[in-house]
Amino acid sequence: VVNGGAMTASQAQFEARKASGRGTYISDEDIAKLVQPNAQNIAQMAPRTAVQQTRQGPMLMMRRGSEFCRPRFFIDGYDFRNIDADEEAQFFLIAKRVEMYTANDAPAQFNDFSGCGSVVIWTK
């Protein structure tokens, strides 16, 4: 007996990247367990990430060496480059899946080319 369900193309690609073992993947099920998805509880699920207070407000940061830097954000596969704290909070609220990569682990389509890393948010 084989049990299965419908899967979107983006979900199939997410699962294929997850199988590669590179990066951190937060699935639909992981997000559903959160009362309110936000940078703080997403950062707790991923190594080398933290939320730091900035002039704009709390923002997700990634560790590069001994320091933290601001990753590039991709929303539904599109490069949004640097989003502000309010945009970040809104995107996490409607997140369905999240992928996080260090610069060395990012697939070509999500590489930030700055050496910091990438956060890919798939929305509902």
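Hi everyone. A search of the whole structure turns up one disulfide, and that is where I'd like to begin. One reminder before we go on: this is a predicted model.

So which cysteines are joined? The disulfide runs from Cys69 to Cys116, with 2.0 Å from S to S. It links distant parts of the chain, since Cys69 is in strand β4 and Cys116 is in the loop between β7 (95–102) and β8 (117–123), 47 residues apart. The torsion about the S-S bond of Cys69 and Cys116 is about 100°, so this disulfide is right-handed. Are the two cysteines buried or exposed? Cys69 has a relative accessible area of 8%, so it is buried. Cys116 comes out at 4%, so it is buried too.

Since Cys69 sits in β4, let's look at the strands there. Strand β3 (residues 58–64) has partners in β2 and in β4. With strand β2 (residues 49–53), the pairing is antiparallel over five bridges.

On to the next hairpin. Strand β4 (residues 67–69) pairs with β3 in the antiparallel sense over three bridges. Here Arg64 is opposite Glu67 in β4. This hairpin has two residues between its strands, and Gly65 in the turn has a positive phi of about 65°.

While we are on positive phi, which residues show it without being a glycine? Arg48 is one of them, with a phi of about 65°. You'll find Arg48 in the loop between α3 and β2, and its relative accessible area is 41%, so it counts as partly exposed. Asp76 also has a positive phi, of about 50°, and is not a glycine either. Asp76 lies in the loop between β5 and β6. Its relative accessibility is 31%, so Asp76 is partly exposed.

Now to the inside. The largest nonpolar core has 21 residues, and those touching the most other members are Ile42, Leu60, Phe92, Val98, Met100, Val119 and Ile121. Which elements give two or more residues to this core? They are α3 (39–43), β3, β5 (72–75), α4, β7 and β8.

Setting aside neighbours within four places in sequence, its contacts include Ala39, Ala43, Ala50 and Val51. Leu60 is also in contact with Arg70, Pro71 and Glu88, as well as with Phe92, Met100 and Val119.

One aromatic cluster is formed by Phe14, Tyr25, Phe74, Tyr101, Phe110 and Trp122.

How many aromatic pairs are there? The count comes to six. Let me show you two of these. In the pair of Phe14 and Tyr25, the ring centres are 5.6 Å apart and the planes are at 80°, an edge-to-face arrangement. Phe14 lies in helix α1 (residues 9–19) and Tyr25 in strand β1 (residues 24–26), so the pair ties together parts eleven residues apart in sequence. Phe14 and Tyr25 are both buried.

The other pair is Phe80 with Phe91: their ring centres are 5.4 Å apart and the planes are at 85°, so this one is edge-to-face as well. It links strand β6 (residues 78–81), which holds Phe80, to helix α4 (residues 85–93), which holds Phe91, and these distant parts of the chain are eleven residues apart. Phe80 has 37% relative accessibility, so it counts as partly exposed, whereas Phe91, at 16%, counts as buried.

One last stop, back at Phe14. What lies over the face of its ring? That is Arg97, at 5.6 Å from the ring centre. So on your screens, Phe14 has Tyr25 as an edge-to-face partner and Arg97 over its face.

Definitions and conventions
Residues are numbered from 1 along each chain as its sequence is written. This is a predicted model: local features need pLDDT of at least 70, side-chain atom pairs count only at pLDDT 80 or more; totals for chains, interfaces and linings use all residues. Side-chain values use heavy atoms; hydrogens and water are left out. Rings of Phe, Tyr and Trp (its six-membered ring) pair if their centres lie within 6.5 Å; planes under 30 degrees apart count as stacked, over 60 as edge-to-face and the rest as tilted. Helices (H or I, at least four residues) and strands (E, at least two) are DSSP runs, numbered from the N terminus. Buried means under 20% relative accessible area, exposed over 50%, partly exposed in between (1.4 Å probe, protein chains only). A charge sits over a ring if NZ of Lys or CZ of Arg is within 6 Å of the ring centre and within 35 degrees of the ring normal. Two strands pair if DSSP finds at least two bridges between them. A disulfide is a pair of cysteine sulfur atoms within 2.5 Å. A nonpolar core is a set of buried Ala, Val, Leu, Ile, Met, Phe, Trp, Tyr and Cys residues joined through side-chain atoms within 4.5 Å. Contact means heavy atoms within 4.5 Å.
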